[in-house]
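Thanks for coming. I will take one side chain first and then step back to the whole chain.

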Amino acid sequence: AIKKVKDGSIEFKHVDFVYSDEKDPNKFALKDINIKINSGETIGIIGGTGSSKSTFVQLIPRLYDTTHGEVLVGGKNVKDYDIKSLRDAVSMVLQKNVLFKGTIAENLRWGNKEASFEELENACKLAQADGFIKEFPEQYDTMLDQGGTNVSGGQKQRICIARALLKKPKILILDDSTSAVDTKTDALIRKAFREDLPETTKIIIAQRISSVIDADRIIVLHNGKIDGIGTNEELLKTNKIYQEVYESQMKGVEESA
């Protein structure tokens, strides 16, 4: 098994995926997915409920295996890697993440138990978490309740993003994981990623167009298929689904500006 992931490039070649518990074995969650993602690229993923956005990214660290076709990371089939080495190279932050009873620092070091305090602080600055942590009397030694119930949803998400960054991953996947964060903070997180993580491939699944608007490319998923790929400007000209989502979300923003 391959122990080292060369870079964060990703390629899907004719990928189909069916959940084994589907009543209809021909009902594909993903159908004939073909895409090449360059190492260091920022990719946004937009699509309605049931378009299989999460399934798409879960094939990268082999949380599921493809039914047909292959997924390559760093130029190698994901099935050829030592599973721990592959998953160490891929950090995934979900919308609902796990925080346990312990200090903020202990929760962060779950991402990298050897991390120095400076590394914790730096990761939290990138995730826009350092500011609110420093406002607590105990700062990084603040005790979190089981599930992080004594911090807000947005604070919880930012701690989880910082924890993922401590792994220094080749690929960072955010699965709707800034949904509880205000748009200004969301923009600051993306700016920090762009400036400080140029080598890391970043995949951002979002409901809000504003969260992916400045991505290098945006994938529009619909019924498990790629309906369009391009920049925000390109998709506004060519993709009906993207146009509709953009108009419904951005109209109110533009009117209030």
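Predicted model: local features only at pLDDT ≥ 70, side-chain atom pairs only at ≥ 80, totals over all residues.

**A buried lysine**

As for its place in the fold, Lys-202 belongs to strand β10, which covers residues 201-205.

Is Lys-202 buried or exposed, and which side chain of opposite charge is nearest? Lys-202 is buried, and the nearest side chain of opposite charge is Asp-216, 6.7 Å away. A salt bridge needs the nitrogen within 4 Å of a carboxyl oxygen, and Lys-202 has no salt bridge.

What else surrounds it? With neighbours within four places in sequence set aside, Lys-202 is in contact with Gly-40, Glu-41, Thr-42 and Ile-43, and also with Leu-172, Phe-193 and Leu-197.

Now the whole chain. The protein chain has 9 helices and 12 strands. Its radius of gyration is 19 Å, close to the 18 Å that the globule rule gives for 257 residues, so the chain is as compact as a globular protein of that length. Along the principal axes, the C-alpha atoms fill a box of roughly 55 × 55 × 35 Å.

Of the 257 residues, 48% count as buried. The chain exposes about 12,800 Å², and carbon and sulfur atoms supply 49% of that area. Last, contacts: among those between residues at least 6 apart in sequence, 69% join residues at least 24 apart.

Technical notes
Residues numbered from 1 in each chain as written. Heavy atoms only, no water. Helix = DSSP H or I, 4+ residues; strand = E, 2+ residues; numbered from the N terminus. Buried < 20%, exposed > 50% of the residue type's maximum accessible area, 1.4 Å probe, protein only. Lys, Arg positive; Asp, Glu negative; His and termini not counted. Contact = heavy atoms within 4.5 Å. Rg over C-alpha atoms; globule rule 2.2 N^0.38 Å. Areas by Shrake-Rupley, 256 points an atom, 1.4 Å probe, with all protein chains shown as cover.
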